[in-house]
Amino acid sequence: MQTQIPFKTAVVICSDKGAQGEREDRSGMLLAQRFTDAGFQVTSRTIVPDEKEEIAALLKMLCDVDKNTLILTTGGTGLSPRDVTPEATLSVIEKRVPGIEEALRAYSMSKTDKAMLSRSVCGIRGQTLIINMPGSVSACRDYCDFLLSGTALRHGLETLVKGSMECGE
């Protein structure tokens, strides 16, 4: 039996109200719990305001310094002028992974037509996969159900980890 790699994972909550202590973080807690239960090593859960530069700086640090294999963001993916998580993510990733974006939206569309309003993106920086998720607890639950039910996420992360070992990083 092959042992599973406990992928080092960070959760980033993008929320002005959460950062100011005006709203309880429920979606980030859900992500951390669900991924921990699935065998991922969730090492941090950080709340940051909806500021593109702050989100981008945190993502870079979590990738380049903390060497996470997976970063899950929640919030800031809608149509509000303050929703800037996709733009922050696009500013730091080196490769986009549109298949994950499309699959998550398609799955979520089977639950609610509001899923078409999500601007979530997914991409790679170095050996880190970053996945944006909506701020809604129910949407995060749906995304988790989808990502953790199949083998694609683990396969992609194993490929990232194996690739970095083969390159001597």
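**Rings, sheet and pocket**

Biologist: How many aromatic pairs does the structure hold?
Modeller: The structure holds three aromatic pairs. The model is a predicted one.

Biologist: What makes Phe7 and Phe40 a pair, and why is the pair called tilted?
Modeller: Their ring centres lie 5.7 Å apart, and rings pair if their centres lie within 6.5 Å. The planes stand at 45°; stacked needs under 30 degrees and edge-to-face needs over 60, so Phe7 and Phe40 count as tilted.

Biologist: Where in the chain do Phe7 and Phe40 sit?
Modeller: Phe7 is in the segment before E1, and Phe40 is in the loop between helix H2 (27–37) and E2. The pair links distant parts of the chain, 33 residues apart.

Biologist: Why are Phe7 and Phe40 called buried?
Modeller: Buried means under 20% relative accessible area. Phe7 has 1% and Phe40 has 4%, so both count as buried.

Biologist: Which residues make up the aromatic cluster?
Modeller: Phe7, Phe35 and Phe40 form one aromatic cluster. Phe35 is among the buried residues of H2, together with Ser27, Gly28, Leu30, Leu31 and Ala32. After H2 comes Gly39, with a positive phi near 95°.

Biologist: Why is the pair of Tyr107 and Phe146 called tilted?
Modeller: The ring centres are 5.1 Å apart and the planes stand at 35°. That angle falls between the limits of 30 and 60 degrees, so this pair is tilted.

Biologist: What does the pair of Tyr107 and Phe146 tie together?
Modeller: Tyr107 lies in helix H5 and Phe146 in helix H6 (residues 137–149), so the pair ties together parts that are 39 residues apart in sequence.

Biologist: Why are Tyr107 and Phe146 called partly exposed?
Modeller: Partly exposed lies between the buried limit of 20% and the exposed limit of 50%. Tyr107 is at 24% and Phe146 at 30%, so each counts as partly exposed.

Biologist: In what order do the six strands of the open sheet stand?
Modeller: The order is E2-E1-E3-E6-E5-E4, with mixed pairing.

Biologist: What makes E2 and E4 edge strands?
Modeller: Strand E2 (41–48) and strand E4 (95–96) each have a single partner strand, so one side of each has no neighbour in the sheet. Helix H5 (residues 98–109) packs on the sheet and touches E4, strand E5 (122–125) and strand E6 (128–133). The direction of H5 makes about 30° with that of E6.

Biologist: How do you know that E1 and E3, E4 and E5, and E5 and E6 count as paired?
Modeller: Pairing needs at least two bridges. E1 (residues 8–14) and E3 (residues 70–74) have five bridges in the parallel sense, with Val12 opposite Thr73. E4 and E5 run antiparallel with two bridges, and Lys95 stands opposite Ile124. E5 and E6 have four bridges, also in the antiparallel sense, so each of these pairs meets the limit.

Biologist: What lies between E5 and E6 in their hairpin?
Modeller: Two residues lie between E5 and E6, and Gly126 in the turn has a positive phi of about 60°.

Biologist: Which residues lie nearest the centre of the largest pocket?
Modeller: Gly75, Pro134, Gly135, Ser136 and Val137 do, out of 35 lining residues. The space in the largest pocket is about 650 Å³. H6 supplies the largest share of its lining, five residues.

Technical notes: Residues numbered from 1 in each chain as written. Predicted model: local features only at pLDDT ≥ 70, side-chain atom pairs only at ≥ 80, totals over all residues. Heavy atoms only, no water. Contact = heavy atoms within 4.5 Å. Axes fitted to C-alpha atoms, helices over the stretch in contact; angles between N-to-C directions. Phe/Tyr/Trp six-rings, centres within 6.5 Å; stacked < 30°, edge-to-face > 60°. Buried < 20%, exposed > 50% of the residue type's maximum accessible area, 1.4 Å probe, protein only. 1 Å grid on protein atoms, 1.4 Å probe; cavity = no way out; pocket = protein on both sides within 12 Å on 5 of 7 lines; lining within 4 Å. Points joined across faces, edges and corners; volume = space filled by probe spheres on them.
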